[in-house]
Structures are given as structure tokens and as C-alpha cells.
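Welcome! Take a moment to look over the model below, and then we can walk through a few of its helices together.

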Amino acid sequence: MSEGNQGQSAQPAGGVAGRPVVQRGQQPIRRPDIDTLFSINPDGSRNAIHPADVRGRFQIRKQVLWWLLIAVYLVVPWLRIGERPVLLIDIPARHFYLLGQTFNAQDFWLAFFFITGLGFGLFVLAGLLGRVWCGYACPQTVFLEGVYRRIERWIEGGPAARRKLDQAPFAQKFPRRALKMAVFLLLSAGIAHSFLGYFMPVEVLVEAVTSSPGKHPSAFLFAVLATLILFVNYTWFREQLCIAICPYGRLQGALYDPDTVLVGYDKLRGEPRGKEGTPGAKDCIDCYRCVAVCPTGIDIRNGTQLECVGCANCIDACDEVMTKLGRPTGLVRYDSQRGFDTGTRRFLRGRVVLYLVLMAMGLLAFGFALTKRKPFEANLVRGRGLAYTVEGERVHNVFELHLINKRPGARDFKVVDVGPAGAEIVVAVRELQLESLQDLRVPVHVFVPLTAWKAGLQCQLEVTCAEPDAPLVRLATAPLLGPSAGGR
């Protein structure tokens, strides 16, 4: 599968950013500019980007973080706290597990506060450090740069070899491309199945993988679709996901301010550019190395751009060149616009404080709601059919006592009558045991003598849940219905 017919050009000596330079047979070589996407050719076709390899302190930090994040991603579905998964969203059973705590569908409203807190946490990161999440911890970056591109380099060679392979006849490039596609497909399948482990217990997942697809059709269909989506994304779509689809990337312009720390180019140090020894030239020698290593194909010297994901490849590349030339590093560096202009920047600003407050509100609301979450549910629900019946000298109401055990382990429950006085309450089962997140509907029949009937009576049942420390008690109530006084 060819990724386009124009790869990132070799490093031309000289030229002005944003303009083509002439090289080899008078063929114009396109260079990135501020107005167009380098990953799209002028005719609308895809322009494959083959970033060059780079070494440096930020690459080491990213690699360590990426392997840690990948390990966490693969291991978490297998981890247990007691007998419960560390994280599992069991959609068919409508059960959820987080750090040993158990939740059911009635607790789903808690997710709003949790996701809100995390979302504003990303806003705080963006306000302070720009797209540091995108460059270091986003799954798209972690797998694409940390896994897929590495394998691509091992199979197809460096950027020049990959560009040459793009232009090679089909028969010549087929063996390498076929091998790459096969490895990418297997990797995508592995990532998809690991993701599936967050939505079904791993024991069930292993059984589904090793058995016929017909036994778990939904899981099989999900795995196939997810594998195909990941394969197309990491094989071909790549940086376009960050540029054209990701909403977080599109929000960056609204989250930045002059004090946001971004990857930038120090024009005061670098301009005008020129080869070493050129009269009047400053530190930038226009070697094009910062562009050659960029995974989205931009020239950071053109200023802040939508395509920049803050990966710091250009920082390490430029620092390497400056070190070889015996010049100070930091021509391309992390800094704010104010820092580049004046050498100073502020940390806490109004928008950052606002994001912090909103993040704290979401997380505190989630934590408070957790402390108030009921350990079990006991609700009286009116039964289907007639609202009530009059049988002889008694008014008959039918209910269901809906019990849900939200505790991590099995619990014993006991049901005791409370009221109304003079009524006969028949409960199908008064003592029972429920497993964790198990629910049960128990039929309840209430008979009230006509002589004692009056509007406003309520059926009241006391439900006790046995606990090691002290029993938990809840009162389940529901209004009784009956004939009006004139209808007796």
C-alpha cells in the first residue's frame, strides 16, 4: 500500500520556508508553509510523511513514558483488587468496576462528574503546556510513534529508503510492504483485543478468542471492526487524525494564551538564517533538520501551527545541530510567546485558575457522590395490572420489592414489616442472599381491612443488610391505593 507519491523532501541546503527550491533535474521540491497542510498535495492527494530518526533527551523521556503507558494498557484488564477487576465496564450486564468498587447502571450519573474533572484537567494541561498530552501520552502518539513507526523503520529502512520504496514498482516493493501490513494487522488485532478486555472480563475474552465466533458474535464483530479501524489509522491515516478529526487538537487555539508553553523557534537568535560563516547570519543555518524529523510535516520556524503536536522532535534535532556547531542549545525549545519575546512568562493566569477550579469541582463532586452512594437499593415498585382490588372486606395492593446489592461481596438481607398497622403483608421471601451487583424482585402483597382503610396509608418494609461491623438498614415505602370514602 503506497502512502503517496511525494514524501518529505531531503534536506536541501538553502531556500526560504514556504517556497519550493530547485534540485535534481530542475524538479521543484515542496517545502512546508504556514498556509497549507504538507500532508496534502496541491491536487488533493495524500503526501506521505516519512520523519527522520532523531535522538535526544526528550526522545528518551518519551520512550520511557510510552513503554510504561503501553504496559499499563495491556496489564490493567488482568489486575484484580480482591476478586474484582481494577477497571471493567461490563455493558451487557450493566455493571462497572473501578479500583475495587462496584457500580451498576443506576450509578452511571457519577461518570459525568468524573469525566468532567478529567476533561478540565486536560484544559489545565493545555493552558499551561500546550499539546503536551498529544505529544507524550495520547494513545495515537504512543502507538504510532512508539510502535508502528519503529517497526516500519526496521522493515523498510530510513526515510530516504521509504520514500524510494514509495516510488518503486509494485513487484519490487511488494515483499516489504506485505510484511509490514501483516505485522501491522497483527498489532492492530492485539490492541483491539486488549481494548475489548476493558468491556468484558478477561476470562470471558480468552474463552471468546479461543472459541467459535458464533459463541460471542458481538465481541467478534467489535474486534474485527476495531482491528480494521486501527490498521487503516496507523498504516495510512496517521497524523490526519490529529489534524482533521481530534476535537482536542481543534480546541487548542481557544485554550492558548501568550504564556502557554509551546514548542517554538527563537527568531531573535535565529534570524536571518544562513550557512555557517555567512556574513550577518545568526544561529539558524537553515539545515532543514527540524522539518525532516517532524511527524506532521511542519516547519516550526513558521510559528505556532495547528499541526504541531508538541512532540519535541524538532527540539532534539536542533539541539544536536547546535551542539555540533558549538553554539548554545535552545534555538528551538519549549517556551511561551511572551518568553520568546521578553524572556519572562507567568505561570498562574485567569484562565488556568478557572480550569483548575472547574477540574476540582468535577473531581470533588465525584468524590462526594461516592461517599453518599448507597451500599444497597431497596425499592417498592407497584406491580403490573390493576392498581388495587377489593376482595371481600379487604383492599389488596401488589408490589415488588426490588433489591440490589452494590457491595463488593455477597450479603445477607432480611425483610421485616413496619406498617401500616392492622395490615397483612405477605412477602414471598424474607431472608435471602445476593451476590455482588445481583438484583432480585420479591413479590409483596398487602391486605388492608376496609374498616381500617383511609387515604394516605403507606406500605413500609425495613430491609437489613448484614455487614461485618454493623448492619445497614433501609426503609422501603410505597403509597397504598384503595377506594375513596364515597366508593365503599
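Does helix 2 pass helix 15 in a left-handed or a right-handed crossing? The crossing is left-handed, meaning that the near helix is turned anticlockwise from the far one by less than a right angle, with clockwise being right-handed. Before going on, note that this is a predicted model, in which local features need pLDDT of at least 70 and side-chain atom pairs count only at pLDDT 80 or more, while totals for chains, interfaces and linings use all residues. Residues are numbered from 1 along each chain as its sequence is written, and side-chain values use heavy atoms, leaving out hydrogens and water.

Helices here are DSSP runs (H or I, at least four residues), numbered from the N terminus. The axes of helix 2 and helix 15 lie 8 Å apart, at an angle of about 155 degrees. That makes the two helices roughly antiparallel (angles over 145 degrees). Their contact (heavy atoms within 4.5 Å) involves residues including Phe113 and Leu118 from helix 2 and Tyr355 and Met359 from helix 15.

Now turn to helix 10, residues 247–255, where Tyr248, Gly249, Gln252 and Leu255 are buried (under 20% relative accessible area, with a 1.4 Å probe and protein chains only). They sit on the same side of helix 10, because they cover an arc of only 100 degrees around the axis, taken from the directions from the helix axis to the C-beta atoms. Their cover includes helix 2, helix 3 and helix 15. The face turned away from this buried side carries Pro247, Arg250, Gly253 and Ala254, which are exposed (over 50%).

Methods
Axes fitted to C-alpha atoms, helices over the stretch in contact; angles between N-to-C directions. Parallel < 35°, antiparallel > 145°, perpendicular 65-115°, else oblique.
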